Amino acid sequence: MSIALDSPTALRTTDDPQALLNAVAPHITELTVNVFDSGMSLWDREVALLLRDHTMVRDMAERILGNAVMYVMGSIENPDVHLGVGKLVDIGVHQLILDTPVWWGICRLYNGGRFKHHAPFIERRRDGLCLRTGDFLKSQGWPIDEELWAIDGADCSPCDDKVPDSH
């Protein structure tokens, strides 16, 4: 009889999104030249990618990315709690997912090596999930940017709540 064990999930020791994201670097094994050739930290890389692809100033990119990291960590730490983001924070979530070597590193380090799927529905939810998610993350000790969570209010991302390992 053989038993397959999942990789251990890293325990969160900080609520600092920048530190949490930068801790992923040693867990990135694919396309490392692409990810590390700039010499930037992962945080600075993801901020630079947000600035490249979206019209915003650095402060806003950092606020969005920070709240996206908090949301991703919250969804990993609480797979049975249905969470969702608004359009603005979702820009940061998509940035993390689209940088697939980084996303895989996040999954390796914080999700026990299990891939966290992104399977959105077409229609946005308008049931206040975004506000409830902000409140939930705050109750878990995350220093959320309440303004970013309130901007979209009830207009939430159409995330799948049917799969425990999706967000």
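Tutor: The buried residues of helix H6 are Pro101, Val102, Trp103, Gly105, Ile106, Cys107, Leu109 and Tyr110, where buried means under 20% relative accessible area, exposed over 50% and partly exposed in between, with a 1.4 Å probe and protein chains only. This is a predicted model, in which local features need pLDDT of at least 70 and side-chain atom pairs count only at pLDDT 80 or more, while totals for chains, interfaces and linings use all residues. Residues are numbered from 1 along each chain as its sequence is written, and side-chain values use heavy atoms, with hydrogens and water left out.

Student: What covers those buried residues of H6?

Tutor: The cover includes helix H1 (17-22), helix H2 (32-36), H3, H4 and helix H5 (87-98), with contact meaning heavy atoms within 4.5 Å. After H6 comes glycine 112, whose phi is positive, near 60 degrees.

Student: OK, and the whole chain, how many helices and strands?

Tutor: There are 8 helices and 0 strands, both taken as DSSP runs numbered from the N terminus, with helices being H or I of at least four residues and strands E of at least two. Of the 167 residues, 46% count as buried, and among contacts between residues at least 6 apart in sequence, 73% join residues at least 24 apart.

Student: Back to H4, then: mostly covered or mostly uncovered?

Tutor: H4 is mostly covered, since 14 of its 20 residues are buried. Its end C-alpha atoms are 28 Å apart, which agrees with the 28 Å that its 20 residues should span at 1.5 Å a residue, the expected span being 1.5 Å times one less than the number of residues.

Student: At what angle do H3 and H4 cross?

Tutor: The axes of H3 (residues 42-53) and H4 cross at roughly 115 degrees and come within 9 Å; axes here are lines fitted to C-alpha atoms, for helices over the stretch in contact, and angles run from 0 to 180 degrees between N-to-C directions. In H3, Trp43, Asp44, Glu46, Val47, Leu50 and Leu51 meet Arg58, Ala61, Glu62, Leu65 and Gly66 of H4. By class, that contact has 6 nonpolar, 1 polar and 4 charged residues, with Ala, Val, Leu, Ile, Met, Phe, Trp, Tyr, Cys and Pro counted as nonpolar, Asp, Glu, Lys and Arg as charged, and the others, Gly among them, as polar.

Student: Why does asparagine 67 count as buried?

Tutor: Asparagine 67 counts as buried because its relative accessibility is 3%, and its place is in H4, residues 58-77. Its side chain reaches the backbone oxygen of arginine 63 at 2.9 Å. Not counting residues up to four places away in sequence, asparagine 67 touches Val89, Ile144, Asp145, Leu148 and Trp149.

Student: And where is isoleucine 144?

Tutor: Isoleucine 144 is in the loop between helix H7 (129-139) and helix H8 (146-152), and it is buried, with a relative accessible area of 13%. Leaving aside neighbours within four places in sequence, isoleucine 144 is in contact with Asn67, Met70, Gly134, Leu137, Lys138 and Trp149. The C-alpha atoms of isoleucine 144 and arginine 63 are separated by 9.2 Å, although these residues are 81 apart along the chain.

Student: Last one: what does the side chain of arginine 132 reach?

Tutor: The side chain of arginine 132 reaches the backbone oxygen of aspartate 127 at 2.6 Å. Arginine 132 lies in H7 and counts as partly exposed, because its relative accessibility is 43%.

Terms used
Polar contact = N/O pair within 3.5 Å; in protein donor to acceptor, adjacent residues only side chain to side chain.
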